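Dear colleague,

I am passing on the structure we spoke about, and below it you will find my notes. Please read them with the coordinates open beside you.

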Amino acid sequence: MITENIFFIMNIIGLLAFAVVGSLKGIKKGLDLLGITVLGIMTALGGGITRDLLVNTIPYALMYPNDIIVSLIGVWLAIVVFKVFNEDISNKYIIQIPDAIGLSAFTTTGAMIAFNFEVSFFGVIILATLTGVGGGIISDILLQKTPSALTEDFYASCSIIGAVSFYLCILSNVNFEISAVICSIIVLMVRIVAILCKWSLPKFYSEK
Amino acid sequence: MITENIFFIMNIIGLLAFAVVGSLKGIKKGLDLLGITVLGIMTALGGGITRDLLVNTIPYALMYPNDIIVSLIGVWLAIVVFKVFNEDISNKYIIQIPDAIGLSAFTTTGAMIAFNFEVSFFGVIILATLTGVGGGIISDILLQKTPSALTEDFYASCSIIGAVSFYLCILSNVNFEISAVICSIIVLMVRIVAILCKWSLPKFYSEK
Amino acid sequence: MITENIFFIMNIIGLLAFAVVGSLKGIKKGLDLLGITVLGIMTALGGGITRDLLVNTIPYALMYPNDIIVSLIGVWLAIVVFKVFNEDISNKYIIQIPDAIGLSAFTTTGAMIAFNFEVSFFGVIILATLTGVGGGIISDILLQKTPSALTEDFYASCSIIGAVSFYLCILSNVNFEISAVICSIIVLMVRIVAILCKWSLPKFYSEK
């Protein structure tokens, strides 16, 4: 019961943060109101929709209006904030922390659903990570940016670490629900540490 | 019966127009014959394929050859027109009006199928709009353009208005088929007015 | 039995070659270790995943770990080769021939699966070709390149020729398994000839 409520709240925070980040990307790219809305919604829901497609389910976001309404509020927030402060908040802590909460919540729901479909170890990692970062990748593709999840710092890696932890917990016969909580805490902690310490992964080539 | 025939004709006009527009994009980008064909086919069929994926159906375009044959004729038309007139007709009325008819037909079929799968209000709008503009978005992504449906004038908005009308009609107990006809007429009318009056949506930021 | 073993080996060679090519693309684009891994895996598995999505199956790559492990070995190989030789081998015969074997194996499995789902003639061609070239297209999209399968020389065309041969064999009542072998031989031969003779398709417009 308590766990459910925690995830419910984390999910809403995540949808709002992802929608704000996506809408701001669209605003800065000079999209019109519709384009901004699409960017915001796709950033918030794109990961979950991709996950549902991969396990052959009609996307939750199409069946129930809740998530879309929350995302629309995020889009509206982004526009208001941009008009009032005329400022990009997507790299500030005020948005990075909610974004980390969203990454954590989405990764965990992805891992849980993956487990229910009895996919392989790698399947769990892929579905969990895609649920977490898929929305950002889709919005970057729509804007012709190399997806920042593939180039920058320690972001998708947090999802992978969380998904592996989840799988190890389940293997060790930890209760399903507790495994999910552990997964979400690990993603959140690792991401926050990564932000604070400016972690990044090794590269092998610099383009110029 | 008459309705079916009208949709049958609208669908063919739309496929032809979308295939011509997509192929011309490919020709101008310097793609080879295969690339041009793929662009034309994906612009014509991409929206419907995306819709079918989202509702977990094997895409109609894979099961039956009709739509692909019509699209191939569109590709061939585009190449002939380009060789003969050496001219980009994609922004001329001669292609914009058939394109509007296609947008209208595709939006309506999207809304009808969405309704049959009992998705939410937003689900109807998303599926109807994606069916209408998804092909153009896919071809823009293949060519590294920010999808024009997200940046330019009043295009996807026509689909949204049509889908909302469709939903309102159904809610008001209007007959399913009549709702579809109303939807398609509204999309077509709004789009033609938008072309003539050069409507556009507000933006909040200009990139430079 | 022998056929199965041949396909098993061709599939592994193809996965390795595709993963190496994809990872090298990522290395040269300056992606980090995660980005390189994603590029390598998606290039190797993207075509098969797209095919499975289109026929409404949960992707094989999510259900069983084999293909992903082979792809990861390919990613590791690419990094080692790049560190040791500091050299792009993706346009050398040492990678182009294994890549052709992969194109051949993937095209054939795509055609076989398409046939089992009773899609149309065009459906067979589309699924076979997508399985062969889809991974490369996805990785090009992630890196903002116009997919080389649509712009350059005679690559996807080999898949199309193979798929048509497969369909004609089946129509002529040739045994299913023998049709598959013929398909794979034709794709491989045509691709190798295309590399050696530098074949390309006609274009109609040069961008400058």
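The contact between the two chains draws on 32 residues from chain B and 33 residues from chain A, in what is, please bear in mind, a predicted model. Together chain B and chain A bury about 2600 Å², and 72% of that area lies on carbon and sulfur atoms. As for polar links, 4 residue pairs are found in polar contact across the interface of chain B and chain A, with both residues at pLDDT 80 or more, while the count of salt bridges between these chains is 0.

On the side of chain B that touches chain A, the elements giving two or more residues are helices H2 (33-54), H6 (121-142), H7 (148-151) and H8 (156-171) of chain B, and the largest share, 6 residues, comes from H6(B). By type, the residues on that side of chain B divide into 19 nonpolar, 7 polar and 6 charged.

If neighbours within four places in sequence are left aside, B:Leu45 is in contact with B:Leu15, B:Ala61, B:Asp67, B:Ile68 and B:Ser71.

One further residue may be worth a look, namely A:Ile182, which sits in helix H9 (residues 176-197) of chain A. Because its relative accessible area is 29%, A:Ile182 is classed as partly exposed. Although A:Ile182 and A:Ser165 are 17 residues apart in sequence, their C-alpha atoms are 7.6 Å apart in space.

With best wishes

Definitions and conventions:
Residues numbered from 1 in each chain as written. Chains lettered and ligands numbered in written order. Predicted model: local features only at pLDDT ≥ 70, side-chain atom pairs only at ≥ 80, totals over all residues. Heavy atoms only, no water. Contact = heavy atoms within 4.5 Å. Buried area = accessible area lost by both parts, 1.4 Å probe. Salt bridge = Lys/Arg side-chain N within 4 Å of Asp/Glu carboxyl O. Polar contact = N/O pair within 3.5 Å; in protein donor to acceptor, adjacent residues only side chain to side chain. Helix = DSSP H or I, 4+ residues; strand = E, 2+ residues; numbered from the N terminus. Nonpolar A, V, L, I, M, F, W, Y, C, P; charged D, E, K, R; others polar. Buried < 20%, exposed > 50% of the residue type's maximum accessible area, 1.4 Å probe, protein only.
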